[in-house]
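Please keep the sequence and the model in view while reading.

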Amino acid sequence: MNHDIQENLNAELLRFSTAGSVDDGKSTLIGRLLYDSKSIFQDQYDAIEVSSRKRGEQEVNLALLTDGLKAEREQGITIDVAYRYFSTPKRKFIIADTPGHIQYTRNMVTGASTSNVSLILVDARNGVIEQTKRHSIISSLLQIPHLVVCINKMDLVDYSEEAYEQVKAQYLEFSRELAVKDITFIPISALKGDNIVTPSEFMPWYTGTTLMDYLENLEISRDRNFQDVRFPVQHVIRPNTDEFHDFRGYAGRVAGGVLRKGDDVTVLPSGHTSKIAKIHLYDQEIEETFPPMSVTIELEDDIDISRGDMIVKTEFLPTTSQDLELMICWFDQNSPLSYGTKYTILHTTKEARCVVKSIDYKLNVNDLSKDLENKVINMNDIAKITIKTTKPLVSDHYSKNRITGSVIIIDEGTNNTVAAGMII
Amino acid sequence: MEYRIDYLRELESESIFIMREVAAQFENPVILFSGGKDSILLTYLAIKAFYPSKVPFPLLHVDTGHNFQETIDYRDWLVETYGLNLKVGYVQEAIDKGYVKEEKGYNASRNYLQTYTLLDELEKGKYDAALGGGRRDEEKARAKERFFSHRDEFGQWDPKNQRPELWNLFNGKKHYGEHFRVFPISNWTELDVWLYFELEKFPLPNLYFAHERQVFERDGMLLADCDFIVKKPSEEVYTETIRCRTIGDMTCTGVWKSNAVTIQEIIAEVATSRMTERGGRADDKRSESAMEDRKRQGYF
C-alpha cells in the first residue's frame, strides 16, 4: 500500500456490489481483494481463525469476515447487506456484499441501488445458473452502468480457454435482452488468486485486465448526468444573526448538471425564475457545482422556496406530474401491494402520498418474462405499476437520472419501507 | 472539462447530506459526543452542513467520570469556539441513585453503565434522533448498520429486520416513543478520518499524538495508569511514549507505543498497522458478538 497522502487525497470513490451464495466463491473473492490490498488487519484475521477452529473447519474461513451477525454465522448464510472497504493508491472501494438467494432479492436491490459496478460471479463448472440471471436482471433494472462477469474456479477446469469461452457465450446469449451497456468478462480463481491482482500464469490465452486493474481504471465520472441541472432543495438556511441578517440559502446535494454563478434558473413546481447569486461550500464561495456535491445556493430574488422544491435550469426541464409509471421491487413480508391503500412516497427531498391505480404486470426475474395473469405482488416480487400522487412530483426517467428517477414507498401503518421504485 | 471530486469530498458531501436530512426529518435531534475523533468529525461536519447558521442540534456527552482530562478540555474548547449547545449526562448520578451498580475488581469499567445514562438522557431530552460517529469498518456488527437506524421504544436494535436503504432516500418515520440512531460517517474508515483532518487542518485532542505517560500492561494491552483502575500486584507502572488510537473511558482505552506527533506520522502508522483500532478496546473483547449484543440493548 502506498502511503503518499497526496495520492490518497486524489483517489476516487467506486462503489460495487456483489451477490451470490457462499458456494460460488464470493466470500473468498472479497476476502482475497481485502487480503491482497492489505485491508484485513491481524486481529480480524486472528478472530476469524479462532471462529473457524471453533466450528471445526480446517482452513481459515474468509466468509466469516463478511458475515457479521450472530444468526448469519450460526447458519452460515448472508442475510443482510454488509459493507466492506478497501483502498489502493488510486481508488477507495465500497463493496455492498449482498445475499443472492431469491428470498433476499430486496437486499440485493438495496445494495445495487448506489453501485457503479455490479460484480457477478459464475462458477466455470456450472455456467450461467438461475442466480446469475437474477443478479444480472436486477443489475440491469437498477441500471448499474458497468457489469463485470467473473468466471470463477478456473483452476477446477484446468484453466481451459474453451471452458471460459463456453460460459461467456452462454452469458452473452442470455444478456442480449438486458439494458446493461458495458459488460466485461474476466476468468479468475479467487481461491488461488489468478487474475485478481496479478495476471495468471496459467491463462496466457487471456490478454485482458485483472479484476483489480479493471476496478482501479474503469472510467466512472461520466456515468453521472452533467447535462440536466437538478438541485432538490433539502433544507433552507436562515441564520437570523446580525452578521448574516438577510442570508437565505438553499442547502442540498446536486443531483444533476452543472450550476454556475449567474445561471438563470427555474424553481419547480412553482415555475418562479431567478438567477444564482452565490454558491457556498461551507465558508468558501465557489464558481460552479455538480454532482455529488453538497452545497448551499443563494438566489438573486427573494422567492418562496422550501424543502421538496427543485431548482433546475430553464432548458432540459424535468417532468412535473401526479401520474407516474414505476418498476417496483416489493419489500413487505406481511402484506402484498394493494389497490386503494394510501402509501407515503418519498422522492428526492419531497414527501407525498400515493395510491396504486393499476398493477400492469409482474416480472419474472429468472427469465424476464411478464406475467399478466397473476398480479398479486408479494415480498421480493418485481412489477410494473401506475400510481397517482397527492402532489406533483418533479422527476426524470430513472434511465436519465438515478436520483431524480427513484422513489421509496412507505406503509403508513408500520412506517416500514415497503417498496423501491424506478420511474419509467 | 471533467467534473469529479476526490473521494474524501464525496464522503464529506454524503455525510453533510445525511445531517441535513436529520434536520429536516426530525424534531429534536442530538449529537452524541464522546470526545473521540469520530464524534469530533461528526460535530465538525455538522458545523459545515448548516453554516452560516449555528449547528441546530445540541451535543450530548455521557460522562462516565473516568475521562482523560484532555477530553474535557477539548470538549469545552470546541463548544466555546463554535457556539455549540452542550448537555452532559453523568453516570455517577445513576450510580448514586442506585439505578446501576458499579462493577468491582480489576476489570471494572463504567463502559456498560453508560448505556443506562445514555437511554435515560435520550428519554429526558425527548430526542427523536441521536447522531453517532459509528463507522462500518470498525467492527463486524457495524458493517451491517444503516445510516438511519430504527430503535424501538426500548432503544433496541433489531438487526434482522432493518429497513432497506436505497439511493439517497432515507425513511425516518417512526411511532410515538421510538427514535433513530443516525450514523452520518458510516462509510468512512479510520484512515479516511485522519486524511480528512490532515486536509482540513482541524485541531484534535493532544491524546491522539505521541506523549509520555505512566502506563502498565494488561492482557497484552497498554493502559494509562489512573485512579480508576485497580492494578494487580504484578502490574508495574512505567513511563512510555504513547498515543491513543481511540478515546473512551480511561478504564477501557488501550494506548499504543508510538512516536507519531503529527497527523502525517499518524497516517503512516495507521496505513501500516496490522491491528484495527478497536483491537485496543477491552469492551469489545468480552465475546465474539460483544458489540452486536451491546448494540441490541441500545449501546452506540
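Of the 300 residues in chain B, 54% count as buried. A residue is called buried if 20 or more other C-beta atoms lie within 10 Å of its own, exposed if 12 or fewer do, and partly exposed in between, with C-beta atoms placed from the backbone. The model is predicted, and local features need pLDDT of at least 70, side-chain atom pairs count only at pLDDT 80 or more, and totals for chains, interfaces and linings use all residues. Residues are numbered from 1 along each chain as its sequence is written, while chains are lettered from A and ligands numbered from 1 in the order in which they are written.

Chain B contains 8 helices and 10 strands; helices (H or I, at least four residues) and strands (E, at least two) are DSSP runs, numbered from the N terminus. Among its contacts between residues at least 6 apart in sequence, 75% join residues at least 24 apart. Here two residues are in contact if their C-beta atoms, placed from the backbone, lie within 7 Å.

Chain B is divided into domain 1 (7-192 + 289-296) and domain 2 (205-282), with bounds that come from an automatic or database domain assignment. The C-alpha centres of these domains of chain B lie 24 Å apart. Across the boundary, 21 residues of domain 1 of chain B are in contact with 19 residues of domain 2 of chain B. On the domain 1 side, α3 and α6 (190-200) of chain B each supply at least two residues, and the largest share, 3 residues, comes from α3(B). By class, that side has 5 nonpolar, 10 polar and 6 charged residues. In this scheme Ala, Val, Leu, Ile, Met, Phe, Trp, Tyr, Cys and Pro count as nonpolar, Asp, Glu, Lys and Arg as charged, and the others, Gly among them, as polar.

Which residues of α3(B) are buried? They are B:T71, B:Y74, B:R75 and B:L78. Seen down the axis of α3(B), the buried residues fall within an arc of 105°, so they line one face of the helix; the arc is that of the directions from the helix axis to the C-beta atoms. These buried residues pack against α2 (37-50) and β2 (59-63) of chain B. On the other side of α3(B), B:Q69, B:D76, B:W77 and B:E80 are exposed. Just after the helix, B:G83 takes a positive phi of about 60°.

Chain A has its own division: domain 1 (5-223), domain 2 (230-313) and domain 3 (319-423). The C-alpha centres of domain 2 and domain 3 of chain A lie 30 Å apart, and 11 residues of domain 2 of chain A are in contact with 10 residues of domain 3 of chain A. The domain 2 side of this contact divides into 6 nonpolar, 3 polar and 2 charged residues. Elsewhere in chain A, helix α2 (residues 26-36) is mostly covered, with 9 of its 11 residues buried; among them are A:K26, A:R32 and A:L34. Just after α2(A), A:K38 takes a positive phi of about 60°.

A:L363 lies in strand β19 (residues 350-363) of chain A. This residue is partly exposed, with 19 other C-beta atoms within 10 Å. A:L363 and A:A383 are 20 residues apart in sequence and 5.5 Å apart in space, C-alpha to C-alpha.

The two chains also meet. Their contact takes 59 residues from chain A and 56 residues from chain B, and the chain A side divides into 30 nonpolar, 18 polar and 11 charged residues. B:F17, in helix α1 (residues 7-25) of chain B, is buried, with 24 other C-beta atoms within 10 Å. Leaving aside neighbours within four places in sequence, B:F17 is in contact with A:R253, A:S294 and B:N168. The C-alpha atoms of B:F17 and B:N168, 151 residues apart along the chain, are separated by 8.8 Å.

Finally, the largest nonpolar core has 176 residues, and those with the most contacts inside it are A:C150, B:I31 and B:A46. Such a core is a set of buried Ala, Val, Leu, Ile, Met, Phe, Trp, Tyr and Cys residues joined through C-beta atoms within 7 Å. Not counting residues up to four places away in sequence, B:A46 touches B:M19, B:I31, B:V55 and B:F57.
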